[in-house]
Each structure stands twice: as C-alpha cells, then as structure tokens.
Amino acid sequence: MHDLQVLDLEVFGVICTLGVTCYAMRAGGYVLAASMRDDGIAARFLRLAPGNLFIAFIVGGCLSGGPAGLVGTVVALVTMAITAREWAALGAGFGAALAASAIGW
Amino acid sequence: MTTAGFRRGLVAALPFLLSNGAAGLVMGLTYKGLGLGAAHAILFSLLVYSATAQAITLSMWASPLPIVAMVVACIATNSRYLLMGAHLRQLFGGLAPRKMLPSLFLLADASWLMTSADADRNGPDAGYLLGSSIPMAVGWVGGTALAYAAPLAANGPLRLAAALLPTMFIATLLPSQWKNVRSPWPWLISAVAALLVARFGDPSWSMLIGGGCGTLVSMMEPSDA
C-alpha cells in the first residue's frame with residue numbers, strides 16, 4: 001500500500017512537472033515577444049509565417065495519413081475552394097478518405 | 001477580446017470535438033493499457049494537453065520515471081509554441097497579459113492556425129482563440145475519460161477521424177490565405193522542406209522547419225507575401 005502511494009505521488013509529480021513545462025512553452029513566446037520591435041526582422045518573420053506553416057502542417061499530416069489522408073485533404077481543399085462551406089469540405093474530405101481507406105489505399 | 005469572436009471560434013472549432021475526442025480516446029486506451037489510473041490519465045491530458053508530448057513521454061515510460069529526459073522531450077517537441085506565442089503577441093499585444101496568459105494554457109496547433117486565419121478575415125480577436133480552444137480541449141480530455149468510462153475500442157473509422165480531421169480542417173483554411181500570396185515559391189519551399197523533414201527526419205519538426213524555410217523565402221520578396 002505504501003509503495004503504491006509513493007508510485008502514485010511520483011506519477012502525479014511527473015504529470016505536474018510536464019504540465020508546467022508545456023505551459024511554459026505556450027506562454028514563453030508570448031512573454032518574450034514583448035521585447036520585440038514591431039518593424040524588426042523577427043516581427044516581419046512572424047507576420048509572414050502563418051500561411052507557410054499551414055502548408056507545412058498539411059504536408060506533414062498528409063504524409064502520416066497515407067494515400068487516404070492525401071485524398072481526403074485534397075477533396076476537402078477543393079470542396080472548400082468551390083463552396084466556401086467548412087461543413088461541406090470536411091464531410092466530402094472525410095467521406096473520400098473513408099472510401100479510399102475501404103478500397104485499401 | 002469580444003463575445004462575438006468567442007462565439008465565432010467556438011462554433012468554427014466544433015468539428016474538433018469529434019477529431020480530438022477520437023484522438024483523446026485512442027490516447028486514453030493506450031494509458032489504460034499501460035496500467036495508468038483514470039485520474040492520472042485525465043490529469044495528464046488536462047495539464048500536458050499535447051498529443052505529441054504525451055505520445056513521446058508515453059514511449060519513455062519506465063521505472064523509475066526518467067523525468068529529466070521527459071522534460072527535455074517536452075521542450076523539444078513543444079518549441080513550436082514559442083513561435084506561436086510570439087506571433088500571438090503581435091496580434092494581441094494591446095491586451096493585458098492577465099487576460100491572455102490563462103488562454104494560452106489551451107493553445108494548440110489548430111487553434112493558433114484558425115486564430116491566424118480569422119485575424120486576416122475579421123481582425124485580431126483573442127475571444128476567437130479562447131472560443132476555438134474550448135471544443136478542442138473538451139474533445140481531448142473527454143475522449144481520454146471516455147476510454148475509462150466505456151468499453152470502447154479504437155476501430156478503423158475512429159482512428160481515421162482522429163488522424164485526418166485536423167489536417168483536413170487546416171486545409172479548409174488555405175483558400176482564405178491564398179489571397180495574401182504574391183508568389184507560389186514560399187509555399188512550394190514550405191511543402192518540400194516539410195516533406196523532407198517528415199520523411200527523413202523527425203515528423204514532429206516538419207511544420208516548424210518547413211514553415212520556417214518558406215517564411216525565409218517570403219522575406220526575400222520585396223513585399224509581404
């Protein structure tokens with residue numbers, strides 16, 4: 001019983017430490033950026049970053065999702081470009097990915 | 001930070017209840033298989049709230065627990081949040097830190113990407129960040145809890161939804177970003193660099209390195225692209 005309590009406390013301590021670490025990473029950039037100039041190189045980098053990060057995120061996701069993921073993502077993107085409706089794009093994309101997965105892609 | 005922005009973000013992120021719920025369920029089932037109790041598993045998903053960090057620390061689980069290595073792994077896998085946080089400061093720098101810092105507890109890749117896209121369309125609104133973060137967090141933590149509460153198995157469609165919906169959702173944001181693009185080169189470089197990192201390196205770095213390479217190319221252009 002005593003060993004179990006020690007183990008529980010150890011696991012609890014590890015979870016709290018990892019939680020604090022993750023929050024420090026989330027809040028750290030926001031806090032540190034206070035000292036950044038608005039017209040500096042770093043500020044311009046951050047302004048230009050989102051679109052490029054979107055693309056990189058999608059490429060990584062498609063690669064880990066395999067052919068079915070690629071088909072679903074392309075169908076979602078094309079549907080969104082045509083309809084401008086997120087629900088239609090996600091429905092079509094997920095349906096296409098499921099179909100591709102069902103036929104063994 | 002407006003109520004309208006909060007509501008807009010909350011509604012827009014509702015699909016993440018499904019995808020994060022499925023992913024959280026898969027994570028919960030893995031914790032269950034490891035012998036972790038329900039309270040610890042839920043606390044893990046609530047406090048750490050990072051699929052990458054949780055998956056990596058899960059793979060390091062041993063007795064005694066390698067706490068230093070786990071912390072280093074968390075810092076390495078979550079360093080992208082430094083960039084996201086710095087970008088959010090540009091958007092919401094006028095807000096008092098006491099209003100922004102609690103919202104950052106729920107910061108995730110998808111909520112940041114959605115907030116960036118919404119800022120382009122409707123102007124910066126920290127309410128949107130908070131609103132879009134909530135369905136994601138509820139899905140993730142709720143899914144983890146569901147793994148202990150219900151006799152469920154991570155089957156095909158569930159795994160597929162968990163794996164693909166975030167990517168598909170971000171893909172739906174691309175058309176709104178395209179109008180700001182002056183040249184296809186930055187996006188092409190981002191895609192190729194991300195592909196190379198994901199294929200030959202560590203996939204968890206593909207977004208940061210790929211996006212960083214593309215952004216450097218954007219910076220070489222005469223006007224913001």
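# Tour of chains A and B

Start with both chains displayed and select the contact between them: 85 residues of chain B and 62 residues of chain A take part. The model is a predicted one. About 6500 Å² is buried between chain B and chain A, and carbon and sulfur atoms give 78% of that area. On the chain B side, pick R89(B), M168(B) and M219(B), which lose the most area to chain A and together make up 10% of what that side buries.

Now colour the chain B side of this interface by residue class. The residues that touch chain A divide into 58 nonpolar, 22 polar and 5 charged. How many salt bridges does the rule find across the interface of chain B and chain A? The count is 0. Polar contacts do occur there: 11 residue pairs are found, with both residues at pLDDT 80 or more.

## Stop 1: the loop between α3 and α4 of chain B

Select Y49(B) and S50(B). Y49(B) lies in the loop between α3 and α4 of chain B, and S50(B) is found in that loop too, with α3 spanning 38-47 and α4 spanning 51-59.

Check the backbone of Y49(B) before moving on. Its phi is near 45 degrees, a positive value in a residue other than glycine. Most residues other than glycine have a negative phi. Is Y49(B) buried or exposed? Y49(B) counts as buried because its relative accessibility is 6%, and the cut-off for buried is under 20%.

S50(B) is buried as well, at a relative accessible area of 2%. Show its neighbours next. Leaving out residues up to four places away in sequence, S50(B) touches R26(A), N78(B) and W140(B). One of these, R26(A), belongs to chain A. Between the side chains of S50(B) and N78(B) there is a polar contact of 3.3 Å.

## Stop 2: helix α8 of chain B

Move to A110(B), in helix α8 of chain B, which covers residues 109-122. With a relative accessible area of 8%, A110(B) is buried. Which residues does A110(B) touch, not counting those up to four places away in sequence? They are F16(B), M136(B) and I170(B).

A110(B) and A13(B) are 97 residues apart in sequence, and their C-alpha atoms are 8.9 Å apart in space.

## Stop 3: helix α11 of chain B

Select P175(B), which is found in helix α11 of chain B, residues 174-178. P175(B) has a relative accessibility of 31% and so counts as partly exposed.

Display what surrounds P175(B). Apart from residues up to four places away in sequence, P175(B) touches L77(A), M80(A) and A81(A). P175(B) and S111(B) are separated by 64 residues in sequence and by 17 Å from C-alpha to C-alpha.

## Stop 4: the domains of chain B

Chain B is divided into domain 1 (3-176) and domain 2 (181-225). Their C-alpha centres lie 23 Å apart. Domain 1 of chain B gives 9 residues to the contact and domain 2 of chain B gives 5 residues.

These two domains bury about 550 Å² between them, with 80% of it on carbon and sulfur atoms. On the domain 1 side, select α5 (67-77) and α6 (80-92) of chain B, the elements that give two or more residues to the side touching domain 2. The largest share of that side, 3 residues, comes from α6(B). By class, the residues of the domain 1 side divide into 4 nonpolar, 3 polar and 2 charged.

What is there in the way of specific pairs across this boundary? The rule finds 0 salt bridges between domain 1 of chain B and domain 2 of chain B.

## Stop 5: the domains of chain A

Finally, bring chain A back and select its two domains. The assignment for chain A gives domain 1 (1-35) and domain 2 (49-105). The C-alpha centres of domain 1 of chain A and domain 2 of chain A lie 34 Å apart.

How values were computed: Residues are numbered from 1 along each chain as its sequence is written. Chains are lettered from A and ligands numbered from 1 in the order in which they are written. This is a predicted model: local features need pLDDT of at least 70, side-chain atom pairs count only at pLDDT 80 or more; totals for chains, interfaces and linings use all residues. Side-chain values use heavy atoms; hydrogens and water are left out. Helices (H or I, at least four residues) and strands (E, at least two) are DSSP runs, numbered from the N terminus. Buried means under 20% relative accessible area, exposed over 50%, partly exposed in between (1.4 Å probe, protein chains only). A polar contact is a pair of N or O atoms within 3.5 Å; within protein, one must be able to donate a hydrogen and the other to accept it, and residues adjacent in sequence count only if both atoms are side-chain atoms. Contact means heavy atoms within 4.5 Å. Buried area is the accessible area (1.4 Å probe) that two parts lose on being put together, summed over both. A salt bridge is a side-chain nitrogen of Lys or Arg within 4 Å of a carboxyl oxygen of Asp or Glu. Ala, Val, Leu, Ile, Met, Phe, Trp, Tyr, Cys and Pro count as nonpolar, Asp, Glu, Lys and Arg as charged, and the others, Gly among them, as polar. Domain bounds come from an automatic or database domain assignment.
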